[in-house]
Amino acid sequence: MVGQSPLGPGEGRAAVLLQPFVHQVGGHTSMLTYDEHTICKPLVSQELSFYESLPLAMRQFTPQYKGIVSVHLKKDSLGNLTLIASPGLGQPDSCGRLDSAGGDPAVTLWHKCKWTASASSEHGLVKWSHSQVTKTFKDSCPGKKLLRTDLQYHTDSLLEDANGKQPERKSYNPWGLHCHRQHLNRMSSKHNENKLQQFLLLENVVSKYSYPCILDLKMGTRQHGDDASEEKKARHIKKCEQSTSASLGVRICGMQVYQADTGHFLCKDKYYGRKLSPEGFRQTLRQFLCNGNQLRTDLLEPIILRLKALLSVIRKQSSYRFYSSSLLIIYDGQEHKESTDHHLPFPKTHGTNPSRVDVRMIDFAHTTFKGSKSNPNPTLHDGPDQGYIFGLENLIKILQNLSEGK
């Protein structure tokens, strides 16, 4: 969303007030909304190098790269924190200009949120007014009824209760707000107000969905990058050994699925995914395709076909290693029945409509390949990423079994 008043660096140009991306279901880096069709995230040179030299065959399976934008932290006299993007040449200008007096209520989201750094709060995390966040999302988000006013956030095990159990949450996924809160804390402690940070601008791959159901899968049998310290390497190896990353080559990193019977999203996070056995993984995959009333068997074939197409592409990418990257499986939780109703967000279709489901690779901060600009002397790997291929093959197999009623 765009504000018109000058806001420090980039003065004289329309500034973009960055909002947390409410459909972020996994990862630890804060994803921010730049405009309806664009999100942004902190720039990592290895990820930029990947997007700049992206093989043509992979483009349909990754978000469109849209450029780079400068971002700075803004703090007002009351201690409220905001992130402001300063668009330059080559940046998207599709979002319309809005003056401070009108427009979508979402524009003022971070003006309404009372962010205060609390020295006494545990871990020094940021607190905010839940009622104001709730009201603004209700006013501005397409699925207005989905956010409950009693949504609570915790510091560490975000979605777990006192006994370590994870309740089924039926609301907007709080994970993105959790990541954003931590990101603001890091920025406010490490950077002064006027210091500019570079952010990547990427396609918002769920913008076309009314009720985006998203499964975030951490792919491969290895998660640490070639440049990882011995401590980090050991930590990632342990996580893989204790999860389905080792046995299946894939583990659940986050999920939200729209429940048609209640009108809410059911959410799971990475801590839930790490604890799953192979059978638990299969059951959760089934749950992802269940809308509260029935199993969406109509989605199985298009998802499987898309995964097979991706598998074919990955097998041809010699030297690429997609360490710690994720795979998103996306569909719309609102079923669009065959009808002549022109008010439906999707047109009437026949047979398998590829737009009903999507499969996208994301998060390439630790991806390595021959010829990477960010690392002139990378560790060279022969052939395709076998760990990623192993995960894709198992994922396809599980979905095929579901399709056959096994």
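In this predicted model, strands β12 and β13 run antiparallel and are joined by 5 bridges. The two strands form a hairpin, with 4 residues lying between them. Within the turn, G263 adopts a positive phi of about 80°.

Strand β13, which spans residues 264-268, is largely enclosed by the rest of the structure, because 5 of its 5 residues are buried. The burial applies to both faces of the strand. On one side sit H264, L266 and K268, and on the other F265 and C267, all of them buried. K268 also takes part in a contact with an aromatic ring: its charged end sits over the ring of Y272, at 4.5 Å from the ring centre.

Attention now turns to the aromatic residues. The structure holds 14 aromatic pairs. Y258 belongs to strand β12 (residues 250-259), whereas Y211 lies in the loop between β10 (197-203) and β11 (212-219). The pair therefore ties together parts that are 47 residues apart in sequence. Both partners fall under the 20% limit for burial: Y211 is buried, with a relative accessible area of 13%, and Y258 is likewise buried, with a value of 7%.

A further pair is formed by F288 and Y331, whose ring centres lie 5.1 Å apart. Here the planes stand at 70°, so the arrangement is edge-to-face. This pair, too, links distant parts of the chain, with its members 43 residues apart. F288 comes from helix α8 (residues 278-288), and Y331 from strand β15 (residues 326-332). How accessible is F288? Its relative accessibility is 1%, so F288 counts as buried. Y331 also counts as buried, with a relative accessibility of 1%.

F50, Y51, Y65, Y320, F322, F364, F369 and Y388 together form one aromatic cluster.

Conventions: Residues are numbered from 1 along each chain as its sequence is written. This is a predicted model: local features need pLDDT of at least 70, side-chain atom pairs count only at pLDDT 80 or more; totals for chains, interfaces and linings use all residues. Side-chain values use heavy atoms; hydrogens and water are left out. Rings of Phe, Tyr and Trp (its six-membered ring) pair if their centres lie within 6.5 Å; planes under 30 degrees apart count as stacked, over 60 as edge-to-face and the rest as tilted. Buried means under 20% relative accessible area, exposed over 50%, partly exposed in between (1.4 Å probe, protein chains only). A charge sits over a ring if NZ of Lys or CZ of Arg is within 6 Å of the ring centre and within 35 degrees of the ring normal. Two strands pair if DSSP finds at least two bridges between them.
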